[in-house]
Amino acid sequence: PYTTLFRAISHSVQAIGNVQEISAVGGSATITVNQSNQASVQANGGAVIGYTGDGDSIFSSVTTGNNIAFNGSSGATSALTVNQSNTGALVQAAQFVNAGNGQTIASQSNAIANNLSVSNANNPLNIASTQTNTTYVRAQTDETAYEFGSGSASANGVGNSLLAGNP
């Protein structure tokens, strides 16, 4: 006998040491970014639920020490020089979910010390990047249910990440 019924749940927690989002629209852009994080960064979330109904229940934790996102569009020619250093004690993302009866539950945790994501549309793109990480990176996801329809749990921990695209 559960007294609380949730049809669908969306729960997320996020922590970021440094973040910069940069856009270049047309023309030429030469950009230098230096990020240094010396702090511990943590996003820990969780829930104890009696019963979830027919909807999806999604729980997520995302933690990033240093994050840069760049988008070049409308014919931008881009040159980026990026230096990221993460030296804090900990970058941690954790999600803990316990359900008495969970119909469709998905839980995920993502922890990244240094992240650089670059997209530039159809023109020259040059990237010079240095990423340094001495931090303990930890991602943990725990999901339990007495009865369930479907459940999934994932945890990803990454020291340094660079993703560049020039479609």
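These legends describe close-up views of a predicted model.

**View 1. The open sheet E3-E6-E8.** Three strands, in the order E3-E6-E8, form an open sheet with parallel pairing. Strand E3 (28–37) and strand E8 (125–133) are the edge strands, each pairing on one side only. On average, and with direction ignored, neighbouring strands of this sheet are turned by 5 degrees against each other. Strands of a sheet pair through backbone hydrogen bonds, in either a parallel or an antiparallel way.

**View 2. The pairing of E3 with E6.** Ten bridges join E3 and E6, and the two strands pair in the parallel sense.

**View 3. Valine 82 in strand E6.** Valine 82 belongs to strand E6, which covers residues 77–86. Its relative accessible area is 2%, so valine 82 is buried, the cut-off being under 20%. Apart from neighbours within four places in sequence, valine 82 is in contact with Val33, Ile68, Leu116, Ala128, Ser129 and Thr130. Leucine 125 lies 43 residues from valine 82 along the chain, and the C-alpha atoms of these two residues are separated by 13 Å.

**View 4. Serine 107 in strand E7.** Serine 107 is located in strand E7, made up of residues 90–120. Serine 107 counts as buried because its relative accessibility is 2%. When neighbours within four places in sequence are left aside, the contacts of serine 107 are Phe59, Gln95, Val97, Thr141, Glu143, Ser152, Ala153 and Ser154.

Key
Residues numbered from 1 in each chain as written. Predicted model: local features only at pLDDT ≥ 70, side-chain atom pairs only at ≥ 80, totals over all residues. Heavy atoms only, no water. Helix = DSSP H or I, 4+ residues; strand = E, 2+ residues; numbered from the N terminus. Buried < 20%, exposed > 50% of the residue type's maximum accessible area, 1.4 Å probe, protein only. Contact = heavy atoms within 4.5 Å. Pairing = 2+ DSSP bridges. Axes fitted to C-alpha atoms, helices over the stretch in contact; angles between N-to-C directions.
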